[in-house]
Amino acid sequence: MSSPVTGDFRAGVRDWCRSNVPSEWRSAQTGVPDTEFVAFQQDWFRTLRSGGFAVPHWPKEFGGGMSVPEQVVLYQELAAADAPRLVLAFVAIHHAASTLLAAGTEAQRRRHLPAILDGEIWCQGFSEPGAGSDLASLRTSARREGDEFVVSGQKLWASGAQHADWCLLLARTDPNVPKRKGISYFLMDMRSPGIDVRPIKQATGESHFCELFLDEVRIPVSQLIGAENTGWQVAQSTLGAERGLTMLELAERLGNAGFRWLVEECGRPRRDGGRPIDDAVVADRLAVFETEIAGLRLLCRDVVERHEAGTAGAADASVVKLFYSELLQRLTGFGAEIGGLAAQSVVGKPSSGGWESGAWVLDFVGSWEWTIPGGSSEIQRTIIGERGLGLPREPS
Ligand SMILES: Cc1cc2nc3c(=O)[nH]c(=O)nc-3n(C[C@H](O)[C@H](O)[C@H](O)COP(=O)(O)OP(=O)(O)OC[C@H]3O[C@@H](n4cnc5c(N)ncnc54)[C@H](O)[C@@H]3O)c2cc1C
């Protein structure tokens with residue numbers, strides 16, 4: 001169990017936010033070219049790093065070391081100060097770091113964790129056409145040639161790949177064994193010859209993710225993570241982080257900025273002078289949201305604490321991911337309903353805002369992003385049923 005947090009810690013973070021959170025970043029980051037988005041995100045990462053707040057969840061020796069309650073306070077204060085999120089560093093500080101810490105060699109950790117702190121950007125090359133939910137069916141192949149693997153195939157939906165320096169890559173290294181036993185996990189340098197990155201346009205107008213075409217890309221054997229053909233097990237640490245640890249910040253942001261905006265929206269007078277919040281049905285919905293958010297926050301803290309203590313259950317991260325993403329969808333959907341036509345007329349979303357653009361319809365569209373990656377809601381329900389509740393396995 002983590003030790004309690006003193007009020008001094010909160011006051012310190014609050015003071016820091018007052019002096020360091022950039023003002024007006026939402027309007028300044030709306031509709032900007034990619035280069036400006038990248039520069040802004042990297043600058044904000046450096047600022048957080050200088051405050052000691054960029055990677056609070058990492059071990060102390062690599063620049064982290066905050067207890068879970070301290071992390072909760074940090075995320076609450078960042079959300080209350082309306083600080084931008086680290087959208088671009090997300091895969092590096094969560095997915096890549098968790099994977100390196102769980103399965104990397106000492107040399108791989110020493111090479112990459114400090115580089116991530118220096119701003120190295122990562123993407124995740126798991127999904128493929130025909131192998132999203134059924135990830136084990138992936139067809140991208142890697143054959144060994146001396147001290148290198150040679151990789152060919154196609155990846156899909158790789159978030160941030162157009163800006164990435166490195167990629168967490170899964171590829172099939174043995175086609176002759178059951179599908180989960182023939183996959184290996186690589187750290188791929190995105191500057192390697194043979195990589196073609198093509199951004200995909202999304203419903204919100206952004207191009208947050210990309211297709212990756214890999215043509216005989218050479219990866220040194222030293223960049224294999226875990227043993228050859230054990231990539232499936234290694235991938236579980238990445239997915240566990242995606243579904244569980246990342247949610248601590250997101251839950252606090254939903255509870256702070258997200259809920260606050262919803263209450264403000266409901267309290268805004270309409271043309272006839274009435275306010276939605278005066279309607280008992282609306283007030284009731286807000287009360288339900290508040291209760292659900294309280295539950296989500298407790299659930300997240302519990303999962304992260306049990307993860308740190310090594311007592312997390314196999315489906316815990318899936319429970320959090322499922323609950324968060326569906327609650328986000330209900331909350332932003334309700335915002336769009338209450339916001340009415342005005343909520344539909346906002347077309348610009350700040351590039352550094354994640355779902356928290358404050359534009360209800362765009363945030364509602366964006367909320368669907370959370371019910372799909374890292375395993376869709378249907379897949380999370382199956383995991384919870386099978387691994388959490390011990391129900392019979394789905395036929396493969
Ligand atoms: C915003 C976003 C970011 C992403 N970022 C990345 C990234 O950085 N790197 C990466 O590798 N991938 C990324 N993805 C891809 C994501 O992981 C996949 O989209 C996801 O795993 C689902 O796979 P799919 O799209 O192939 O859907 P499919 O597997 O084709 O599924 C289609 C539908 O069928 C349902 N379904 C499929 N199988 C079952 C089943 N057995 N039981 C019940 N229902 C089922 C699914 O739930 C879904 O509703 C991202 C996706 C999004 C939306």
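## Second largest pocket

In this predicted model, the second largest pocket has a volume of about 710 Å³. Its lining consists of 32 residues, and those nearest the centre of the pocket are S237, G240, A241, L245 and H307. Two or more lining residues come from each of α4, α5, α7, α8, α9 (280-309), α10 (316-344) and α12. Helix α7 supplies the largest share of this lining, eight residues.

By class, the lining of the second largest pocket holds 16 nonpolar, eleven polar and five charged residues.

## Cavity

A search of the whole structure returns one cavity of 30 Å³ or more. The volume of the largest cavity is about 120 Å³. Sixteen residues line the largest cavity, with L48, A54, Y75, L86 and E249 nearest its centre. The elements that contribute two or more residues to this lining are α3 (34-51), α4 (68-80), α5 (90-103) and α8 (247-267). Of these, α5 gives the largest share, three residues.

The lining of the largest cavity is made up of eleven nonpolar, two polar and three charged residues. Helices α4, α5 and α8 are listed for the lining of the largest cavity and also for that of the second largest pocket.

## Ligand site

The shell around the ligand has 19 residues, and Q124, S133, W157, S376 and E378 come nearest. In the side chain of S376, an N or O atom is 2.4 Å from an oxygen atom of the ligand. A backbone N or O atom of G374 lies 3.5 Å from a ligand oxygen atom. On the nitrogen side, a ligand nitrogen atom is 3.2 Å from an N or O atom in the side chain of E394. On its own the ligand has 970 Å² of accessible area, and the protein covers 68% of it.

The elements that give two or more residues to the shell are β1 (122-125), β3 (148-159) and α12 (377-388). Strand β3 gives the most, with four residues. The shell as a whole has eight nonpolar, eight polar and three charged residues.

## Strand β3 and S152

Strand β3 also contains S152. The C-alpha atom of S152 is separated by 5.1 Å from that of E216, although the two residues are 64 residues apart along the chain. Is S152 buried, partly exposed or exposed? S152 counts as partly exposed because its relative accessibility is 21%, and the buried class requires a value under 20%.

Most residues other than glycine have a negative phi. D82, which is not a glycine, has a positive phi of about 55°. This residue sits in the loop between α4 and α5. With a relative accessibility of 23%, D82 is classed as partly exposed.

N229 is likewise not a glycine and has a positive phi, of about 70°. The loop that holds N229 runs between β8 (224-225) and α7 (231-245). The relative accessible area of N229 is 21%, so this residue is partly exposed. Helix α7, at one end of that loop, is the element with the largest share of the lining of the second largest pocket.

Note on methods:
Residues numbered from 1 in each chain as written. Predicted model: local features only at pLDDT ≥ 70, side-chain atom pairs only at ≥ 80, totals over all residues. Heavy atoms only, no water. Near = heavy atom within 4 Å. Polar contact = N/O pair within 3.5 Å; in protein donor to acceptor, adjacent residues only side chain to side chain. Areas by Shrake-Rupley, 256 points an atom, 1.4 Å probe, with all protein chains shown as cover. Nonpolar A, V, L, I, M, F, W, Y, C, P; charged D, E, K, R; others polar. 1 Å grid on protein atoms, 1.4 Å probe; cavity = no way out; pocket = protein on both sides within 12 Å on 5 of 7 lines; lining within 4 Å. Points joined across faces, edges and corners; volume = space filled by probe spheres on them. Buried < 20%, exposed > 50% of the residue type's maximum accessible area, 1.4 Å probe, protein only.
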